[in-house]
Amino acid sequence: MDLTTLEKRGKFRGLQGWLHVLKNARGLHLVVLCVKIGPHCFPWSFRIWHGKGSKSPTVHALRMIQTFPGTLSKGFKVRVLADGGFDAAMFMVGVHQLGYSCIVGTRSTRKTTEGKKLSQYPFRTRTIYLKDVQQEQIPIPIYFSWVWLERNGGWEKRYVLSTEKMTPDNIRRTGRRRWTIEGVFKICKNRFGLHHFGQQSKIGVLRYLLLSLVAYVGMTP
């Protein structure tokens, strides 16, 4: 699960209500659900974020997971991977209640019920309980690890949370699989020009989006 932005400049009167600013980027913000089975990864569904005051990207993400057909997940161990934009308590608990594991990135300042930040824990093998924005305990145990990512010529420590009991190494390896979805966005943008669309109407944008995603599925082995 990820959020990608198709940045746009200029006036698009036909797209009123669809173009907003998020994290200093103006454009069309898509919440995308991709399905990865073995080496294969393909887009399954997407929703458009309609700006402040509307349903948050986190709510859209959980709704898409809730509507994923249970018949398709039978026989598989389902793990939902997402970045730090989806580390809200309602998302992790919602995924857990569906019977799926939830593995998400989060900030180092995230606090536990012990009053500590994640960055204050020297080990990665313990069970913790987190607090939500209302400072209430999230009612499920959390396991965590971290990864080092190269950023701007240096290394940045990123934390990964899991609702499934796994070793730190497994949490780290599983969490890194989320980067597969970045490859989907890169191909759709660079090869199909998804981020350069010039459609002036909402129906035109939807057609372009669907054609890009279908083209991606058609080119994958």
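Arg 79 is partly exposed, with a relative accessible area of 32%. Here buried means under 20% relative accessible area, exposed over 50%, and partly exposed in between, with a 1.4 Å probe and protein chains only. The model is predicted: local features need pLDDT of at least 70, side-chain atom pairs count only at pLDDT 80 or more, and totals for chains, interfaces and linings use all residues. Residues are numbered from 1 along each chain as its sequence is written, and side-chain values use heavy atoms, with hydrogens and water left out.

Arg 79 forms a salt bridge with Glu 164. The closest N and O atoms are 2.9 Å apart. A salt bridge is a side-chain nitrogen of Lys or Arg within 4 Å of a carboxyl oxygen of Asp or Glu. The pair links distant parts of the chain, 85 residues apart. Arg 79 sits in strand E5, and Glu 164 in the loop between E9 and H4. Helices (H or I, at least four residues) and strands (E, at least two) are DSSP runs, numbered from the N terminus. Glu 164 counts as buried, at 15% relative accessibility.

By this rule the count comes to seven salt bridges. Another joins the side chains of Asp 87 and Arg 107, at 3.5 Å from N to O. Asp 87 lies in the loop between E5 and H3 and Arg 107 in the loop between E6 and strand E7 (127-128), so the pair ties together parts that are 20 residues apart in sequence. Asp 87 is buried at 10% relative accessibility. Arg 107 is partly exposed at 46%.

Arg 178 and Glu 182 form a further salt bridge, with the closest N and O atoms 3.6 Å apart. Arg 178 is buried at 10% relative accessibility, while Glu 182 is partly exposed at 29%. Asp 2 joins Arg 178 and Glu 182 in a network of salt bridges.

Which residues lie closest to the centre of the largest pocket? The pocket has a volume of about 940 Å³. Of its 40 lining residues, the closest to the centre are Asp 2, Lys 23, Asp 83, Gly 84 and Gly 85. On a 1 Å grid over the protein atoms alone, a pocket is an open set of points with protein on both sides within 12 Å along at least five of seven lines; a cavity is a set where a 1.4 Å probe fits but cannot get out; lining residues have an atom within 4 Å of a point. Grid points are joined across faces, edges and corners, and a volume is the space filled by probe spheres set on the points. The lining has 14 nonpolar, 11 polar and 15 charged residues. Ala, Val, Leu, Ile, Met, Phe, Trp, Tyr, Cys and Pro count as nonpolar, Asp, Glu, Lys and Arg as charged, and the others, Gly among them, as polar.

Arg 79 returns at the second largest pocket. Its volume is about 720 Å³. Among its 26 lining residues, Cys 34, Val 35, Lys 36, Val 78 and Arg 79 lie nearest the centre. E3 gives the most to this lining, with five residues. By class, the lining of the second largest pocket has 17 nonpolar, four polar and five charged residues.

A search of the whole structure finds one cavity of 30 Å³ or more. The largest cavity has a volume of about 100 Å³. Its lining includes Leu 30, Phe 46, Cys 188 and Lys 189. H5 gives the most to the lining of the largest cavity, with four residues. The lining divides into 10 nonpolar residues, one polar and one charged.

Next come the cysteines. By the rule that a disulfide is a pair of cysteine sulfur atoms within 2.5 Å, the count comes to zero disulfides. For Cys 41, the nearest cysteine sulfur is that of Cys 34, 4.6 Å away. Cys 41 is buried, with a relative accessible area of 8%. For Cys 188, the nearest cysteine sulfur is also that of Cys 34, 8.2 Å away. Cys 188 counts as buried, at 2% relative accessibility.

Last, helix H1. Why is H1 largely enclosed by the rest of the structure? Seven of the 10 residues of H1 are buried, so the helix is largely enclosed. Those buried include Pro 57, His 60, Leu 62 and Ile 65. The buried residues of H1 pack against E1, E3, E4, E5 and helix H3 (89-97), where contact means heavy atoms within 4.5 Å.
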